[in-house]
Amino acid sequence: MPSDPAAGAPSLAFGLPFAGLLLSIALMPLLAPHWWERRFPLVAAGWALLFALPYAAARGPDAAGAALLGTVAHEYLPFILLLLALFVVAGGIRVGGAFVGTPNTNLALLGLGTLLASLLGTTGAAMLLIRPLIRANAGRRHRTHVFVFFIFLVGNIGGSLTPLGDPPLFLGFLRGVDFGWTLRAMAGPMLLSSGLLLVVFTAIDRWYWRREPLAGERHPFRLEVEGGYNVLFLVVAVGAVLLSGLWHPGRSVPLGLGVSVSWEGLARDALLLAAALLSFAVTPARVRIENAYTWVPIREVAILFAAIFVTIIPVLDALAAGPAGPFGPLLHLVNRPDGTPVVASYFWLSGALSSVLDNAPTYLVFFDMAGGDPARLMGEGATTLLAISCGAVFMGANTYLGNAPNFMVKAICEEQEIRMPGFFGYMAWSGLVLLPLFGLLTAVFF
């Protein structure tokens, strides 16, 4: 989280490790995939240290330690514990049976996932349905498009109706945005976007299906669900987030260096961790084995996002300095000379950065840029907050870097020998499909 602006915004040179980390995430899997698979934790730690050590030397150990501790306690741990709980609990629910990935079946699975994403989180919904979708399409020759649209809809746009749905909205909730505001404000853009994407997906899938050898066969349909009791743990996770937003005892636990954690925050995080541990303990290993459950996706996300949240600190510091800071020119792009916001610029700039950075910290950047006052942003600034929310959530689908489930879905598909497009190949898909959609959203809402 940003440090005190009064301390002065750091030079953007402190942001170079952040840029280096993001370039590593984008390019190293393409240039040296096997090396990156083995060494990415060291790369992430290296970039984090390249920021932290000079930052501590320049700002002093206490100030730097407070910034790092505050970021970990207030931003990273709540973020990763929510992802962990949804990943573990959803991984304990096995959806199986006999069904084939016909256009109607795929449409039903993508539509269901889009709706579930706001309840289970994009990570939870993606982890719940990606394996059934893989099994359903195992016999198809043309299936890459199915998983690309799955990332668009289930991994991103579907999670826009509640703070549980997508990490940016959860971070907004932690900053004071009402739980119900997201549903009221985001329903229109989400329904229009997901409806149009499902129509486009169905047209493409039917075109490919007609070229499949399975197209003329009759296929039985049988659905089986195991581990359904994990729904109780999902309810616990939802309740934990609601608790932290509704219960404010006014007490906190000091961690040192002037950083403290509220009781409601501790209760939320403890419940999320308990839900994950209990789900893992009571779910038979056989269910997770049949789900092809591994720790690889969440491990990768946890490591990379830890480095992202640390190295982004100077970027947030610079933004906290306002128009007088290094990001002054950017502020002029999103605000007119009289101080009124250019809403379309907020949508496209927050979205553009969410595409190549990560949409959770990018949301925080623009939230602070718009003033950082949740009461005002939900009132007179509601259209600006809507633009930031839509940009961060929707355009997180533009690249594999934009949102945590994008990485996870790609990794799981490739483990199952599904050929996914590379970094730039995926961008070709998103450019052709999503950019016209975002232009329409600008005309209608912004």
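This is a predicted model: local features need pLDDT of at least 70, side-chain atom pairs count only at pLDDT 80 or more; totals for chains, interfaces and linings use all residues.
**A nonpolar surface patch and the packing around α19**

Two elements, α1 (16-31) and α19 (423-445), each give two or more residues to the patch. The biggest contributor is α1, with four residues. L27 has a relative accessibility of 34%, so it counts as partly exposed, a class that runs between 20% and 50%.

Helix α19 turns up again in a helix pair. A packed pair like this is described by the angle between the two axes and the distance between them. For α7 (residues 179-209) and α19, the axes come within 11 Å and cross at roughly 145°, and the crossing is right-handed. On the α7 side, the residues meeting α19 are G188, P189, L192, S193, L196, L197 and I204. Their counterparts in α19 are W429, V433, L434, L437, L440, L441 and F445.

Next comes the loop that links α7 to β2 (222-226), which is where E212 is found. Despite being in a loop, E212 is buried, because its relative accessible area is 4%, under the 20% cut-off. Setting aside neighbours within four places in sequence, E212 is in contact with G139, R140, R141 and H142.

Definitions and conventions:
Residues are numbered from 1 along each chain as its sequence is written. Side-chain values use heavy atoms; hydrogens and water are left out. Buried means under 20% relative accessible area, exposed over 50%, partly exposed in between (1.4 Å probe, protein chains only). Axes are lines fitted to C-alpha atoms, for helices over the stretch in contact, and angles run from 0 to 180 degrees between N-to-C directions. A crossing is left-handed if the near helix is turned anticlockwise from the far one by less than a right angle, and right-handed if clockwise. Contact means heavy atoms within 4.5 Å.
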